[in-house]
Amino acid sequence: MIEIPILRDRRPACPICRRPEAEEFRPFCSQRCADVDLGRWLNERYAIPEELDPDAPPPAPDSED
């Protein structure tokens, strides 16, 4: 019979590297993973989905001053 070990440490995992989170950097495990996440937001790798109305006119282009 194969025994499966029960994990006692149920701390949430870091969303970047999946290691256990550190209290100081919650929800990340380190400053490095927090910086990686911030960089992804700043480089627009993450996006919040938006419902678009098909009958609405297209938005005006952003001005590049």
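## Overall make-up

Contacts between residues 24 or more positions apart account for 6% of the chain's contacts with a separation of 6 or more. Contact here means heavy atoms within 4.5 Å. This is a predicted model: local features need pLDDT of at least 70, side-chain atom pairs count only at pLDDT 80 or more, and totals for chains, interfaces and linings use all residues. Residues are numbered from 1 along each chain as its sequence is written, and side-chain values use heavy atoms, with hydrogens and water left out.

The secondary structure amounts to one helix and zero strands. Both are DSSP runs, numbered from the N terminus: helices are H or I with at least four residues, strands E with at least two. The chain has 65 residues, and 14% of them count as buried. Buried means under 20% relative accessible area, exposed over 50%, and partly exposed in between (1.4 Å probe, protein chains only).

## Helix α1

Helix α1 covers residues 31-42, twelve in number. From first C-alpha to last, α1 reaches 16 Å, close to the 16 Å expected at 1.5 Å a residue. The expected span is 1.5 Å times one less than the number of residues.

Cys 33, Ala 34 and Asp 37 are the buried residues of α1. Seen down the axis of α1, they fall within an arc of 105°, so they line one face of the helix. The arc is taken over the directions from the helix axis to the C-beta atoms. Exposed Arg 32 and Leu 42 sit on the face turned away from the buried side.

## Core and cysteines

The largest nonpolar core has six residues: Cys 14, Ile 16, Phe 28, Cys 29, Cys 33 and Ala 34. Such a core is a set of buried Ala, Val, Leu, Ile, Met, Phe, Trp, Tyr and Cys residues joined through side-chain atoms within 4.5 Å. Cys 33 is buried at 0% relative accessibility. Leaving aside residues up to four places away in sequence, Cys 33 touches Cys 14, Ile 16, Cys 17 and Phe 28.

The whole structure holds zero disulfides, a disulfide being a pair of cysteine sulfur atoms within 2.5 Å. Cys 29 is in none; its nearest cysteine sulfur, that of Cys 17, is 3.4 Å away. Cys 29 is buried too, with a relative accessible area of 14%. The sulfur of Cys 33 lies 3.7 Å from its closest cysteine sulfur, in Cys 29, too far for a bond.

## The segment before α1

Pro 15 lies in this segment and is partly exposed at 44% relative accessibility. Pro 15 touches Pro 27 and Phe 28, not counting residues up to four places away in sequence.

One salt bridge is counted. The term means a side-chain nitrogen of Lys or Arg within 4 Å of a carboxyl oxygen of Asp or Glu. Arg 26 and Glu 21 form it, at 3.1 Å, N to O. Arg 26 is exposed at 54% relative accessible area, whereas Glu 21 is buried at 10%.

## Backbone exceptions

Most residues other than glycine have a negative phi, and most peptide bonds are trans. The bond from Arg 26 to Pro 27 is cis, with omega near 5°. Arg 18 has a positive phi near 70°; this residue is exposed, with a relative accessible area of 59%.

Glu 44 is exposed at 69% relative accessible area.
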